[in-house]
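Subject: Structure for you to look at

Hello,

Here is the structure I said I would pass on. Please open it first, and then read the notes below with the model in view.

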Amino acid sequence: MASAAPEPAVDPGAVCPPTDGCPACPPPQIVCASPPDLLPDLPPDERVWVRWGKDAAGALLGILFGTLLSLYVTVVFDRYKRFRETLIDIAQARLHNDAYPTAVTGLQPVRDAAVAYAQLLERKQWTLDADGHLDAAAEVGRLTAFARLSALCIENLLHGTTRGLTPDAYLAAFQSEYNRINGQHFVQFEQRLSPDRGALLRPWPRPPAPLARKVVPVDFFDLLLG
């Protein structure tokens with residue numbers, strides 16, 4: 001009886017030939033590789049001059065906006081500076097006003113100073129109205145009326161039109177009324193004035209002449225002027 005042929009020894013480190021049906025080869029191992037990470041779609045290549053043009057346009061817009069903003073801030077500051085300088089001129093004229101008679105003689109220079117003072121205030125009131133500071137201009141208008149009516153009283157005293165009073169009595173009445181009005185209405189006068197916010201922040205310029213004016217009625221020197 002023939003003995004069975006011995007089975008060939010299987011070497012575990014042997015590499016199986018790529019043939020199907022090899023009983024000694026282990027079943028093939030299938031390893032599923034993960035798909036590579038998907039990359040985002042890249043924008044199409046742009047020409048260098050296109051990218052440069054976009055960067056330059058953005059830079060120019062930034063420069064233009066900064067220039068306009070700087071110009072606007074400068075205009076607002078100049079408007080406030082003009083308002084403040086106008087008030088300084090009014091304060092200097094008011095504090096150095098020499099149109100106050102102390103005697104019934106030598107009235108011509110006092111009368112001339114009173115007229116010049118009233119004319120200066122009228123110009124400053126016109127400036128404030130033209131710049132749109134109507135409330136401040138109206139208050140300056142009261143001071144202007146006070147100066148103008150004072151000049152009329154001095155002129156009456158100069159010409160002897162004293163409404164039946166002696167020149168000395170008329171002068172005393174004028175001084176009393178002048179001091180009363182000045183102390184009641186015009187002490188620290190400029191500190192009460194403030195600019196109009198809309199006029200300061202207005203983005204476009206105002207017309208060169210006043211478009212409107214507020215008028216505050218006064219009753220100064222009624223007894224002396226009639």
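Is Gln125 buried or exposed? With a relative accessibility of 9%, Gln125 counts as buried, because the cut-off for buried is under 20% relative accessible area. Setting aside residues up to four places away in sequence, Gln125 touches Ala137, Val140, Gly141, Thr144 and Arg213.

Please keep in mind that this is a predicted model. The average pLDDT of the protein chain is 82, and 75% of the residues score at least 70. Residues 10-16 have a pLDDT below 50, and in the model this stretch has three contacts beyond near neighbours in sequence.

Now the overall picture. Read from the N terminus, the order of elements is α-α-α-α-α-α. The chain has 226 residues, of which 27% count as buried. Among contacts with a separation of 6 or more, 81% are between residues 24 or more positions apart. The accessible surface is about 16200 Å², and carbon and sulfur atoms account for 61% of that.

Next, helix α1, which covers residues 48-95 and contains Leu87. Leu87 has a relative accessibility of 11% and counts as buried. Leaving out neighbours within four places in sequence, Leu87 is in contact with Glu190 and Leu193. The C-alpha atoms of Leu87 and Val140 are separated by 9.5 Å, and these two residues are 53 apart along the chain. Val140 is also one of the residues that Gln125 touches.

Helix α3 has 26 residues and reaches 37 Å from its first C-alpha to its last, close to the 38 Å expected at 1.5 Å a residue. After α3 comes Gly160, with a positive phi near 80°.

Helix α4 runs over residues 167-185; its 19 residues reach 27 Å from first C-alpha to last, close to the 27 Å expected at 1.5 Å a residue. Which residues of α4 are buried? They are Tyr170, Leu171, Phe174, Gln175, Tyr178, Ile181 and His185. Viewed down the axis of α4, these buried residues fall within an arc of 140°, so they line one face of the helix. The background is that an α-helix has 3.6 residues a turn, so residues three or four places apart point the same way. The exposed residues Asp168 and Gln184 are on the face of α4 turned away from its buried side. What do the buried residues of α4 pack against? They pack against α3 (134-159) and α6 (222-225).

The aromatic rings come next. How many aromatic pairs are there? The count is nine. One of them is Phe146 with Phe220, an edge-to-face pair at 5.9 Å centre to centre and 85° between the planes. This pair links distant parts of the chain, since Phe146 is in helix α3 and Phe220 is in the loop between α5 (197-201) and α6, 74 residues apart. Phe146 is buried at 3% relative accessibility, and Phe220 is buried with a relative accessible area of 4%. Phe186 and Phe189 have ring centres 5.6 Å apart and planes at 70°, so this pair is edge-to-face. Both Phe186 and Phe189 are buried. One aromatic cluster is formed by Tyr100, Phe146, Phe174, Tyr178, Phe186, Phe189, Phe220 and Phe221. Phe174 and Tyr178 in that cluster are among the buried residues of α4.

Last, some backbone angles. Most residues other than glycine have a negative phi, and most peptide bonds are trans. Arg163 is not a glycine, yet its phi is positive, near 55°. Arg163 lies in the loop between α3 and α4, and is exposed with a relative accessible area of 53%. Phe221 is not a glycine either and has a positive phi of about 55°. Phe221 lies in the loop between α5 and α6. Is Phe221 buried or exposed? Phe221 is buried, with a relative accessible area of 1%.

Best wishes

Conventions. Residues are numbered from 1 along each chain as its sequence is written. This is a predicted model: local features need pLDDT of at least 70, side-chain atom pairs count only at pLDDT 80 or more; totals for chains, interfaces and linings use all residues. Side-chain values use heavy atoms; hydrogens and water are left out. pLDDT is the predictor's confidence in each residue, from 0 to 100. Contact means heavy atoms within 4.5 Å. Helices (H or I, at least four residues) and strands (E, at least two) are DSSP runs, numbered from the N terminus. The expected span of a helix is 1.5 Å times one less than its number of residues. Buried means under 20% relative accessible area, exposed over 50%, partly exposed in between (1.4 Å probe, protein chains only). The arc is that of the directions from the helix axis to the C-beta atoms. Rings of Phe, Tyr and Trp (its six-membered ring) pair if their centres lie within 6.5 Å; planes under 30 degrees apart count as stacked, over 60 as edge-to-face and the rest as tilted. Accessible areas come from the Shrake-Rupley method with a 1.4 Å probe; for residues, only the protein chains shown count as cover.
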